[in-house]
Amino acid sequence: MSLWEEDYNIPSFPAVTADDSADVIIVGGGITGITAAYLLTKANVSVILIDADRLVNGTTGHTTAKITAQHGLIYDELIQHTDKTKARLHYEGATDALNMIKETVESLAIDCDFVHKDAVLYAENDVYARKLEREAMAYKTLNIPYETIDGPPDLQAVGGLRMPDQAEFHPIKYLSSLVHYITKHGGRIYEQTVATDLSKDDRPEVITRVGHRLQGSHVLVCSHFPFFEGNQFYFTRMYAERSYILAIKPKQMPAEDDMYLNPEDPVRSIRKMSFKGEELLLIGGEQHKTGQGRATSSHYEALETFAKKHFGIERIVDRWSAQDLTTIDKLPISEE
Ligand SMILES: Cc1cc2nc3c(=O)[nH]c(=O)nc-3n(C[C@H](O)[C@H](O)[C@H](O)COP(=O)(O)OP(=O)(O)OC[C@H]3O[C@@H](n4cnc5c(N)ncnc54)[C@H](O)[C@@H]3O)c2cc1C
């Protein structure tokens with residue numbers, strides 16, 4: 001269980017027990033499925049949302065919960081491998097998502113620790129400092145606001161690239177309010193309901209493991225890895241990576257209030273988090289292709305060694321890991 005889940009309980013829901021229908025059937029109750037259900041409900045479209053397990057118990061409940069368009073060293077690579085238009089669209093998409101979350105927090109008055117912070121990429125060696133310089137040039141080309149900095153001193157960095165006005169939040173507090181909105185306005189949510197097949201007739205149907213049929217004009221597959229392959233060969237177009245998070249009470253907090261990411265191998269992702277009145281530090285990283293890592297304990301030990309070196313550890317509060325998917329061209333796949 002992650003600290004987010006320990007800190008806040010999202011409501012629970014029964015399993016599907018009969019055939020049913022709605023305008024849109026949504027499979028997957030992470031941030032993608034719940035956000036889609038919220039936006040459709042708000043537009044007076046009826047929805048049924050199902051999850052195989054518990055809402056937000058997938059990757060969403062185990063994230064670092066930074067909301068940023070920075071995404072590591074990506075813009076220089078996108079310009080080289082695609083073009084400036086696609087690279088700029090990637091930035092705009094992420095910025096629109098941030099703004100949408102902010103507007104939702106404001107309009108529903110959600111108490112979810114949403115706060116604006118700058119995102120900072122930092123480098124620990126000259127090779128990566130030069131990569132940051134190239135990334136800064138890409139920001140300039142794409143008209144992305146940035147500032148080059150010396151790098152956070154408590155991380156012994158040799159260079160840094162700041163993207164101002166990004167954000168962080170508590171994902172479960174935020175999504176719980178969306179779930180409340182969805183059910184209050186007629187949306188139906190079910191847990192412990194596994195989608196196993198999809199029939200794509202005039203009105204598509206999601207078929208559940210126990211044989212119930214959920215019919216809608218549209219089906220949204222928000223199950224992280226698509227549960228329905230069709231002829232898309234998704235397994236050849238993306239790979240899963242596992243990464244690890246350590247939550248600590250440090251002896252010394254970072255001097256500045258930014259969210260940090262070191263894109264070198266091994267990656268380090270750092271942010272502060274309030275938990276039951278205490279200021280903690282989340283330190284993530286150690287990602288590796290799923291099934292190709294060392295012993296699990298060695299990844300946590302590496303994060304612990306890093307945390308001790310830079311901040312000191314008063315107490316380890318929690319640790320967890322989760323998987324994320326990366327596409328071959330690093331751009332999202334969204335298909336009909
Ligand atoms: C350690 C870590 C840190 C991260 N930090 C950040 C960060 O700081 N900022 C950021 O933006 N991103 C971050 N990410 C990535 C981000 O958390 C994920 O991309 C995001 O949470 C994915 O959300 P999702 O809704 O698409 O998938 P999920 O949260 O995985 O939800 C998918 C849901 O679908 C359900 N499901 C699956 N199959 C079926 C089926 N057949 N039938 C019914 N239901 C099904 C699952 O039970 C699950 O609940 C991080 C990822 C990791 C691993």
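Biologist: What stands opposite Val-27 in β12?
Modeller: Val-221 is the residue of β12 opposite Val-27. Keep in mind that this is a predicted model: local features need pLDDT of at least 70 and side-chain atom pairs count only at pLDDT 80 or more, while totals for chains, interfaces and linings use all residues. Numbering starts from 1 along each chain as its sequence is written.

Biologist: How many bridges join β2 to β12?
Modeller: Four bridges join β2 (residues 24-27) to β12, and the two run parallel. We call strands paired if DSSP finds at least two bridges between them. Strands (E, at least two residues) and helices (H or I, at least four) are DSSP runs numbered from the N terminus.

Biologist: And what's the strand order in that sheet?
Modeller: It is an open sheet of four strands, ordered β8-β3-β2-β12, with parallel pairing. β8 (188-190) and β12 (218-221) are the edge strands; each has a single partner, so one side of each lacks a neighbour in the sheet. From one strand to the next, the twist averages 15°.

Biologist: Which strands does α2 lie across?
Modeller: α2 lies across β2, β3 (47-50) and β12, and runs at about 170° to β3. Contact here means C-beta atoms, placed from the backbone, within 7 Å. Axes are lines fitted to C-alpha atoms, for helices over the stretch in contact, with angles from 0 to 180 degrees between N-to-C directions.

Biologist: Now the ligand. How many residues surround it?
Modeller: 32 residues surround the ligand, and the closest are Gly-28, Gly-30, Gly-58, Thr-60 and Thr-63. A residue counts as near if its C-beta atom, placed from the backbone, lies within 6 Å of the molecule.

Biologist: Which elements supply at least two residues of that shell?
Modeller: α2 (31-42), β13 (238-250) and β17 (313-327) each do. By class, the shell has 11 nonpolar, 17 polar and four charged residues. Nonpolar covers Ala, Val, Leu, Ile, Met, Phe, Trp, Tyr, Cys and Pro; charged covers Asp, Glu, Lys and Arg; the others, Gly among them, are polar.

Biologist: Which domains does the shell draw on?
Modeller: At least three residues come from each of domain 1 (3-63 + 172-232) and domain 2 (238-328). Those bounds come from an automatic or database domain assignment.

Biologist: What separates the domain centres?
Modeller: 29 Å, taken over C-alpha atoms. Six residues from domain 1 and 10 residues from domain 2 make the contact. On the domain 1 side, the residues divide into two nonpolar, three polar and one charged.

Biologist: Changing topic, which strands does β5 pair with?
Modeller: Eight bridges join β5 (residues 115-123) to β7 (residues 159-168) in an antiparallel run, with Lys-117 opposite Gln-166. β5 also pairs with β14 (residues 259-262), in the parallel sense over three bridges. There, Val-120 has Tyr-260 as its bridge partner.

Biologist: And what is the order of the sheet with mixed pairing?
Modeller: That open sheet of four strands runs β1-β11-β10-β9. β1 (20-21) and β9 (195-199) stand at its edges with a single partner strand each, so one side of each is left without a neighbour. β9 pairs with β10 (residues 205-208) in the antiparallel sense over four bridges, and Asp-197 stands opposite Ile-207.

Biologist: Last one: how many helices and strands does the protein have?
Modeller: Eight helices and 17 strands.

Notes:
Two residues are in contact if their C-beta atoms, placed from the backbone, lie within 7 Å.
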